[in-house]
Amino acid sequence: MYRKTVPDVARPRAFWRAKILDNHSADLVEFGAHTHVLVTGGAGFVGSALVDILLARNCSVTVIDDLSNGSLRNLPAGDPRLKIRTFRVGDQAFNAAVHNEVGQADAVFHLASPIGVQRAHKERFAVTSGILESGCAIVEACQFHRRPILYTSSSEVYGSGRDRPITESDPVMTDIRPRWGYAAAKAAVEHLVAGMFFDFGIPTWIVRPFNMAGPRQRAATGLVLPVFVDAALRGEPLVVHDDGEQRRAFLHVADAAEGLLLVMQSRSLRGRPVNLGGSEAVQIGNLARMVVEATKTNAPIVMKPSNSIYGERFAVTYDRVPDTNLLTTTTGWRPVRSTRQTIVDCIEHMRTERVMA
Ligand SMILES: NC(=O)c1ccc[n+]([C@@H]2O[C@H](COP(=O)([O-])OP(=O)(O)OC[C@H]3O[C@@H](n4cnc5c(N)ncnc54)[C@H](O)[C@@H]3O)[C@@H](O)[C@H]2O)c1
């Protein structure tokens with residue numbers, strides 16, 4: 001079970017830093033008023049939801065985000081406990097600033113990354129190098145300052161999918177097709193992060209998120225739920241790839257952020273990959289129908305072969321549904337928001353954005 005933070009104003013920050021680093025006997029480390037957390041990619045979709053939770057637990061937070069896909073509107077900019085720095089992690093000109101911020105933090109969440117299958121397929125070099133450069137910069141700083149780090153990898157490392165729920169011991173499967181540059185880079189940084197723990201004793205955690213969705217996710221990233229919602233709200237066709245029978249499990253971003261925090265509070269999850277994802281498997285064709293129904297529009301649904309959109313070298317993914325038993329049995333975490341709720345929250349956010357635009 002998750003334990004609530006018990007603030008103790010008498011203790012200096014060094015005590016809490018040592019508590020997180022050594023994590024002596026308790027299985028769960030507390031996050032509270034004495035914890036200063038660095039979130040890279042904190043202006044993004046998941047990062048900003050994580051920042052919301054950390055602030056609600058009275059942590060102070062520094063966000064580093066280059067705003068390549070994030071937005072300052074996702075953050076409570078006036079909150080005195082929040083510091084926002086807008087530069088690119090991995091840009092050598094800012095390595096000293098990264099070191100400085102890591103040195104001041106008690107714990108680091110590294111979420112900054114180029115994202116999206118479309119972008120991975122079309123811009124292999126930029127995506128692969130972006131993950132490696134930012135990953136190396138943050139790992140180097142965390143290693144130097146011996147700071148605990150949670151790294152968000154991706155379920156993309158599992159490759160084209162399986163006909164059963166995927167566990168952490170399933171192999172990392174990539175080949176030379178462009179899409180897998182993202183996965184291979186994520187997997188390489190996983191090894192650095194695992195090596196920090198097993199070779200140097202620095203607490204690290206690796207999370208492999210599956211499809212996350214909900215408020216603040218942008219259609220421009222090409223991710224399926226916001227793309228469907230955007231199309232439905234415009235009354236344009238929802239384009240379902242291939243036969244539409246491929247299955248995914250969508251996790252509400254608020255459940256995802258809770259999961260990230262719980263992982264980093266678990267001693268026994270250090271140094272090993274942990275799946276994070278939804279529990280309801282949905283066929284993409286059905287997801288399109290659910291979106292049309294929830295938006296109460298008459299937007300048409302059309303089917304297209306993914307190769308006709310991306311070209312012959314596109315790596316198609318079939319079912320990709322997580323087995324999250326490791327996370328649940330270790331921390332008690334479970335998704336509490338349904339796929340329908342996730343769709344409704346996504347629609348509401350995108351409707352609000354359209355009104356404000
Ligand atoms: N959304 C999903 O379904 C999903 C699935 C698997 C893995 N992930 C991983 O989870 C993390 C968060 O994803 P998200 O959906 O919130 O994406 P996002 O694009 O909304 O958030 C990433 C943020 O990082 C920033 N960023 C990118 N590169 C940067 C750099 N070098 N320096 C500073 N800032 C940088 C972007 O501006 C953005 O705000 C990513 O690491 C992603 O690979 C997401």
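Predicted model: local features only at pLDDT ≥ 70, side-chain atom pairs only at ≥ 80, totals over all residues.
Figure 1. The structure holds five aromatic pairs. One of them is formed by F87 and F94, whose rings are stacked, with 4.7 Å centre to centre and 5° between the planes.

**Figure 2. Packing of helix α5 against helix α6.** Helix α5 spans residues 124-145 and helix α6 residues 180-200; their axes come within 8 Å and cross at roughly 10°. Angles under 35 degrees count as roughly parallel, and α5 and α6 are therefore roughly parallel to each other. On the α5 side, the contact includes V127, I131, L132, C136 and V139. These meet a set of α6 residues, among them Y182, A185, V189, L192 and M196. By class, the residues of the contact of α5 with α6 comprise 14 nonpolar, four polar and one charged.

**Figure 3. Crossing of helix α9 and helix α12.** Helix α9 (residues 284-295) packs on helix α12 (residues 339-356) at an angle of about 55°, and the axes lie 10 Å apart. This angle makes α9 oblique to α12. The crossing of α9 past α12 is right-handed. From α9, the residues L287, M290, V291, E293, A294 and T295 make the contact, and α12 contributes T339, R340, I343, I347 and R351. The residues of the contact of α9 with α12 comprise six nonpolar, two polar and three charged.

Note on methods
Residues numbered from 1 in each chain as written. Heavy atoms only, no water. Phe/Tyr/Trp six-rings, centres within 6.5 Å; stacked < 30°, edge-to-face > 60°. Axes fitted to C-alpha atoms, helices over the stretch in contact; angles between N-to-C directions. Helix = DSSP H or I, 4+ residues; strand = E, 2+ residues; numbered from the N terminus. Parallel < 35°, antiparallel > 145°, perpendicular 65-115°, else oblique. Left-handed = near helix turned anticlockwise from the far one by under 90°. Contact = heavy atoms within 4.5 Å. Nonpolar A, V, L, I, M, F, W, Y, C, P; charged D, E, K, R; others polar.
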